[in-house]
Amino acid sequence: MLDRCPHRFAPLSDGWIEDGRLICRYHGLGFDGAGVCVSNPHGPPLRGMSIPAWAIHEVHHAIWIWFGDPGQADPELIPDLSYLTAAPATAFSAGMLTGKGNYELFVDNLMDLSHTDYLHPATLGGGAVTKVKPDVVEADDHIEVTWRADDTPPSPLLRKLFPELPAQTDFWQRVRWFAPGVMKLTAATGAAGGAEEQALVNVNAHITTPETATSSHYFFAATRNFKVDDGELNAMIAQKREEIFVTEDKPMLARVQERMGDAEFWSLKPRMLPIDAAPVAVRRRMRKLIEAEAALRSSPRAEVA
Amino acid sequence: MLDRCPHRFAPLSDGWIEDGRLICRYHGLGFDGAGVCVSNPHGPPLRGMSIPAWAIHEVHHAIWIWFGDPGQADPELIPDLSYLTAAPATAFSAGMLTGKGNYELFVDNLMDLSHTDYLHPATLGGGAVTKVKPDVVEADDHIEVTWRADDTPPSPLLRKLFPELPAQTDFWQRVRWFAPGVMKLTAATGAAGGAEEQALVNVNAHITTPETATSSHYFFAATRNFKVDDGELNAMIAQKREEIFVTEDKPMLARVQERMGDAEFWSLKPRMLPIDAAPVAVRRRMRKLIEAEAALRSSPRAEVA
Amino acid sequence: MLDRCPHRFAPLSDGWIEDGRLICRYHGLGFDGAGVCVSNPHGPPLRGMSIPAWAIHEVHHAIWIWFGDPGQADPELIPDLSYLTAAPATAFSAGMLTGKGNYELFVDNLMDLSHTDYLHPATLGGGAVTKVKPDVVEADDHIEVTWRADDTPPSPLLRKLFPELPAQTDFWQRVRWFAPGVMKLTAATGAAGGAEEQALVNVNAHITTPETATSSHYFFAATRNFKVDDGELNAMIAQKREEIFVTEDKPMLARVQERMGDAEFWSLKPRMLPIDAAPVAVRRRMRKLIEAEAALRSSPRAEVA
């Protein structure tokens, strides 16, 4: 629901639930789940008094909102993140941060993992991604980028966590993006030339949504296929990921946004490189989706929330 | 006076008084009470060098400013708050806060006390106001709203301070507003059906002035007719009022303003209820006064400060 | 160089130097001293990929930037501050501050030292400057103002540092301004009627550059001709200067800017006094220089960085 009472604009999120109604803390008006004012302690509720309410669906440890016509909300459109709920507690961690930077900068950061070699050289980067070219595949409902490097040393972080790893490994990383900002990241490292089933695999989710035009919410969750009962390792991975993001990605994205000011990305004429193939494909797809939605909203039958 | 030296815009409030002149701390220019520069240590004062100065009048523990032509300032127009100076020190307390929210939101908050039952349920609210309808009276120089509830339990705060109070009481609350933001609030609680002279009565002043378009100064003072020699009770009442305002009203008004952004109140189409009779009457009166002043200022004879 | 990578707008100042190239920390692009991208670890550098780079010159303990065509940068135009490098370490101190206030307010503050008698009465001011008129001389490459007061008590600070000073002294202060914000301040105090060579002389540099339209960088450095081996005195002078600026000048300039808001200085119709002769001359000179530069930039052959 819109977090604003139609009476005097009080935040309904400050209220409480009573008999299935959300009660406003300022003057006591009550609202049902469709946003309709159904009770007024000072007299009869006004006719037609309501606030916009949207369809939500809770699945995969997340709450999904449909900002269009609630009747058209289709849970089948939610990307499959069932690996998150399938993971045991000792092989699952999740978190959330807010950072400066338009949400598309957060998506770019994941769709071009070549940055790990420069921004995270002591942990995630090891030079492997820089050696190879990204392979981009576009599908109707997603865009996927894969970086595959054979016969390469494991990342510094993996080397530290698993000293027993061979000196040379086969490594691949894949990010599958779903509009507008849901990404499934799979990273695998195995003995060079070894069987793929024996690789150490992390499957993570990265979700970003706009907070403002120049700041974003960033949700993330991690699972893995190795040592799934090791709670200590689990906590260490979660702590390390938080540290990397807070001290390296977050300040970088904030400073990029600072340098962009309020300007639109393309208006500043960035010079795109082949490593930007996936981010550029995603930005183009998003433009199309946004234009299609704008056309829909301006058509006679459109309902604007 | 305008707090800005006409020479180089230094804050005159940083200066000091010397021989009846206000001396600027930056270069030593001196100003008389009418804002005229009457001394310059570096040479003769410039002809016609002055700053706007307004008429002020000190009464009722407050300083009142007249922003119009000083010659037309009339102290008789100041609302009578003589009950504040008449109260003994042990039955008087006062304070001042600055909060987010246009001053009209602060006035609304007092002109519609039905909010006390929802925003202050553990102290001032007890459900009494919600049971009744406000009675609004408009006069030339004020607008007054009265809430009267007979045979109702005392408020939780009063019950705590006076456990000896009967279970059922007669209660009334009255707020008299004077333009632009001076309010006298009288609240009385007595035994149900008892003599009105025996009621416990608080007489408070609430004054709000704009700081910016979206923040306000809020001055308040309290007196009472009971236990007027009890300094401890006096301190407890002052502390409680501060706590209620800081933890309940102030954050609510700030969040309402947040939700309004920079939009004008009516442009957001609030749905007014019968409990808003007094706030709406006050807002209408203010519009008329503001329009009248604007007309005056744009007339040929007007002097703009 | 512009601190913004042409690829994805990362801050190049976060990078590192490697083999004479500045490496971007986000994706590893390398730039030479002319701002040209000369290396790309992911493939060949893009043709014509570069960022604006300006000519710099390091001299007099400072780095000087030429924001015009690098080929026209002429180190001979740098004002002579060689007295700074000539001073022994025990007679030299320097510092830097950032403060609210357009850089022209910082220049005004130095070009009109009559403020010392009012803003710094306990230290630098002693009434001497107020007694006299400023003498302003305009030259092609500078504007200079001199305040000379004979037979006057030394400043309170000097009196405290040198109790042996005679009660009456000859005092002069001179500020030579070079565009846009470089000032050499010489202050001398000697026995009244005594030989000028025996005076205590401080020679300081004050440099201000814009940070934003309403805030400035303020660099300063001090040397002296007396007790040049006294490191303790040197530290005390540095500490005192910092204290005076932070507690007196900086808040005054900030509040002046506050009162000016975003308005242009002259648009607020300041009333200038004879003490403003030098600041006004400097502001006029700056207008001419800015207009000349704007004309140059709008001419067909101009190159805008």
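Select chains C and B together: the contact between these chains takes 25 residues from chain C and 24 residues from chain B, where contact means heavy atoms within 4.5 Å. The model is predicted, so local features need pLDDT of at least 70 and side-chain atom pairs count only at pLDDT 80 or more, while totals for chains, interfaces and linings use all residues. Residues are numbered from 1 along each chain as its sequence is written, chains are lettered from A and ligands numbered from 1 in the order in which they are written, and side-chain values use heavy atoms, with hydrogens and water left out.

**First stop: chain C against chain B**

Keep both chains displayed. Between them, chain C and chain B bury about 2,300 Å², of which 59% is on carbon and sulfur atoms. Buried area is the accessible area (1.4 Å probe) that two parts lose on being put together, summed over both. Next, select C:Tyr118, C:Arg259 and C:Arg271; in chain C, these residues lose the most area to chain B, together 35% of what that side buries.

Which residue does B:Asp3 meet in a salt bridge? Its partner is C:Arg259, and the side chains are 2.8 Å apart, N to O. A salt bridge is a side-chain nitrogen of Lys or Arg within 4 Å of a carboxyl oxygen of Asp or Glu. Chain C and chain B have 4 salt bridges between them.

The interface of chain C and chain B also holds 13 residue pairs in polar contact, both residues at pLDDT 80 or more. A polar contact is a pair of N or O atoms within 3.5 Å; within protein, one must be able to donate a hydrogen and the other to accept it, and residues adjacent in sequence count only if both atoms are side-chain atoms.

Now colour α2 (103-111), α3 (116-119) and α6 (231-260) of chain C, each of which supplies at least two residues of the side that touches chain B. Helices (H or I, at least four residues) and strands (E, at least two) are DSSP runs, numbered from the N terminus. On this side of chain C, α6(C) gives the most, with 6 residues.

**Second stop: C:Ser114**

Select C:Ser114, in the loop between α2 and α3 of chain C. Is C:Ser114 buried or exposed? Its relative accessibility is 0%, so C:Ser114 counts as buried; buried means under 20% relative accessible area, exposed over 50%, and partly exposed in between (1.4 Å probe, protein chains only). Leaving aside neighbours within four places in sequence, the residues in contact with C:Ser114 include B:His27 and B:His42 from chain B, and C:Trp147 and C:Ile275 from chain C.

**Third stop: the axis**

Display chains C and B as traces. A rotation of 120° with 0.0 Å of shift along its axis superposes chain C on chain B, with an RMSD of 0.1 Å. The two copies are therefore related as by a three-fold rotation axis. Copies are superposed by least squares on the C-alpha atoms of residues with pLDDT of at least 70 in both. To look towards the axis, select C:Asp262, whose C-alpha is the nearest to it in chain C, at 11 Å.

**Last stop: chain B against chain A**

Select chains B and A. Their contact takes 25 residues from chain B and 24 residues from chain A. In chain B, B:Tyr118, B:Arg259 and B:Arg271 lose the most area to chain A, together 34% of what that side buries. Across this interface there are 4 salt bridges. To see a salt bridge here, select A:Arg8 and B:Asp108, whose side chains meet at 2.7 Å, N to O.
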